[in-house]
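Me: Hi! I have a structure open and would like to talk it through with you. Shall we just start with a loop?

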Amino acid sequence: MATTTNTVPVGDFEQQTQKFLEWFTSQPGATFHKDIKLVDLRDKSAGRGIIATAPIPADTTLFTIPRASILCATTSPLAKKLPHLFKGPAEPTVAEESPSHTADADDEPPSPENDEEDDSQSQDSWTLLILILMHEYLQGSSNWSPYLSILPTQFDTPMFWTEAELSELQASALVAKVGKEEADKMIRTKIVKVVQEHEEVFYPADTPKTQRLEEGELLKLGHRMGSAIMAYAFDLANDDEDEDEEEEEEEDGWVEDKIAGMNDSMGMVPMADMLNADAVFNAHINHGEACLTATSLREIKEGEEILNYYGPLSSAELLRRYGYVTPNHARYDVVEVGWGLVEGGLKKMVEEGIKGRKKEVDWDKVEELVEEVKEEEGEWEDSFVLERQSEDPDSEGQVHGEAEFMGLPQELEEQVKTYLKAVKKVVGTGDRAVAEALGNKTVRKEILLGGVRKALEEREGQYATSLEEDEKVLAGMEGGRPTTRKEMAVWVRAGEKRILKEAVAWVKKQEEGLSTEKGQEKAEPSAKRRKA
Ligand SMILES: C[S@@+](CC[C@H](N)C(=O)[O-])C[C@H]1O[C@@H](n2cnc3c(N)ncnc32)[C@H](O)[C@@H]1O
């Protein structure tokens, strides 16, 4: 799990839970259904969670959180003390973790990758929420203390992994998305500096200088708050008022909770963030004008855990943002394949022979032409994401059918087409027959499939272990679910290898189909002749 609360003794854990529940239910307008309970799920590596203590019908309000109880720019005393920070466009800039997010740019917190040059103190909703949490923490006591005290202080997200732990991810694209350095830079410039410049605001008036945090400690605290936001905060969209709602809504109609966009406002929503989540879920948080409401999507059995939905995230993305993985999310796994590998595969296909003729190509010239295309069209992908086709969850939070690899990304096929056009141009001057062959759709398809197959096989080779070896490790997991950092890393890399394997099988099937087609085409004219 992402949140490490395992060291808290059971008695203290229960006491903190009880205090939090008392605080929550004392909030004006808050409700908490009598048949649900906050429980200790640490034996399942899931921290706290909420279960049903009796059968709950569909469409039941499980709990209600008044907006006034949400910790955000509107409710935080910091916004009144340092109003200049909260003015201006809440443009997303950098994020502690977003350091990574890229699978779906729409529901990403701002990425540090986009923000490397921004060393100003300009704030966004992400950094403002970090400052808000830092302020509450440094003040020592807060309206939200019973809530804040149950938030984790340590995390299992890869941001906090050692080099050795990260190396278990092997060739996963996740490694490059952790973004520790970018996060460090963001926290130093936008958080630590602000706290240091406004110590009188962040610390209680009587705090002696010696008790104020050093720069290194502030950096650590900034990381902790950033990671808590990553795994716990919500986008505070208002269903009734948010004009952009339709844009944010997924095709399946689910507005995913949390950490979605970095729109106007983010907040910490007590109780809503006590729900664990999975790709098969049974509850949803509705964002109303005066309050947020958790509702059951179907009948929930006695003893069943109440689960929210974080969206169709791959295992890697779930691990990066939340520090855990679940078997149900594996259907959304993806693998990234760099263009360099595809280009290498295409080159081999061309050199191995078009129409049986070995061909040497002036690849530097091809490169020059490609550079021209890049400049003219401005669109050239460095890598492609391979994923399965999968049905969206239904209105009850259930998923149906198997997720299946059904084809290459359209953009990859387009880019290969452009590349082969450049090859044709270069070859054309010296070898008309080969250039003509490259003008043939079937030949181009052969090169595409063969080139991609070679690229995928090479991509498989970038991982230090085989899928079979990984599966042996996973078969030995206690409890059948990955919970240690090593297990989660193996789970992620094995998931990527599985898609690679499925993609190779799919490409081979296409190649077989193509050669059958070609065989039929050859046979057809003579058959026709016989008929005549
Ligand atoms: C919004 S919090 C949910 C409450 C959290 N369990 C707690 O104890 O505070 C999100 C975090 O809960 C954990 N979590 C959520 N869903 C989980 C699941 N299905 N299995 C294991 N851990 C889960 C992860 O650590 C994640 O970062």
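Me: Where does Asp59 sit?
Reply: This is a predicted model, and in it Asp59 lies in the loop between strand S3 (48-52) and S4.

Me: Buried or exposed, that Asp59?
Reply: Asp59 is exposed, because 10 other C-beta atoms lie within 10 Å, and the cut-off for exposed is 12 or fewer.

Me: And what is the phi of Asp59?
Reply: Phi of Asp59 is near 65 degrees, a positive value in a residue other than glycine. For background, most residues other than glycine have a negative phi.

Me: What about Met271, where is that?
Reply: Met271 is in the loop between strand S7 (266-268) and strand S8 (276-277). Its phi is positive too, near 80 degrees, and Met271 is not a glycine.

Me: Is Met271 buried or exposed?
Reply: Met271 counts as buried, because it has 25 C-beta neighbours inside 10 Å. The cut-off for buried is 20 or more.

Me: Let's go to the sheets. Which strand does S4 pair with on the S1 side, and in what sense?
Reply: Strand S1 (residues 31-32) and strand S4 (residues 61-66) pair in the antiparallel sense, over two bridges. Phe32 has Phe63 of S4 as its bridge partner.

Me: And how many bridges are there between S4 and S10?
Reply: There are five bridges between S4 and strand S10 (residues 291-296), and that pairing is antiparallel. Phe63 turns up again here, with Ala294 in S10 as its bridge partner.

Me: What is the order of the strands in that open sheet?
Reply: The order is S1-S4-S10-S9, four strands in an open sheet with antiparallel pairing. S1 and strand S9 (283-287) are the edge strands, each pairing on one side only.

Me: Which strands make up the three-strand sheet?
Reply: That open sheet runs S5-S7-S6, and its pairing is antiparallel. At the edges are strand S5 (71-72) and strand S6 (234-235), which each pair on one side only.

Me: How many bridges join S6 and S7?
Reply: S6 and S7 pair over two bridges, in the antiparallel sense. Asp235 has Met266 in S7 as its bridge partner.

Me: How many residues of H4 are buried?
Reply: Twelve of the 15 are buried, so H4 is largely enclosed by the rest of the structure. Among them are Trp126, Leu129, Ile130, His135 and Glu136.

Me: What follows H4?
Reply: Gly140 follows H4, and its phi is positive, near 85 degrees.

Me: Now Ile229. Which helix is it in?
Reply: Ile229 is in helix H10 (residues 215-232). It counts as buried because it has 27 C-beta neighbours inside 10 Å.

Me: What is Ile229 in contact with, apart from its neighbours within four places in sequence?
Reply: Ile229 is in contact with Trp126, Leu129, Ile130 and Met266. Trp126, Leu129 and Ile130 are among the buried residues of H4, while Met266 is the bridge partner of Asp235.

Me: How far is Ile229 from Pro152, by C-alpha atoms?
Reply: Their C-alpha atoms are separated by 11 Å, and the two residues are 77 residues apart along the chain.

Me: Change of topic: how is the chain divided into domains?
Reply: The assignment gives domain 1 (10-31 + 71-270 + 316-322) and domain 2 (327-531).

Me: How many residues of the two domains are in contact?
Reply: 17 residues of domain 1 are in contact with 17 residues of domain 2. On the domain 1 side, helix H12 (residues 315-322) gives the largest share, three residues.

Me: What classes of residue are on that side of domain 1?
Reply: The side of domain 1 that touches domain 2 has ten nonpolar, five charged and two polar residues.

Me: Last bit, the whole chain. How many helices and strands?
Reply: The chain has 19 helices and 13 strands. Of its 532 residues, 41% count as buried.

Me: And what share of the contacts is between residues 24 or more positions apart?
Reply: Those account for 76% of the contacts in the chain with a separation of 6 or more.

Conventions: Residues numbered from 1 in each chain as written. Predicted model: local features only at pLDDT ≥ 70, side-chain atom pairs only at ≥ 80, totals over all residues. Pairing = 2+ DSSP bridges. Domains from an automatic or database assignment. Contact = placed C-beta atoms within 7 Å. Nonpolar A, V, L, I, M, F, W, Y, C, P; charged D, E, K, R; others polar.
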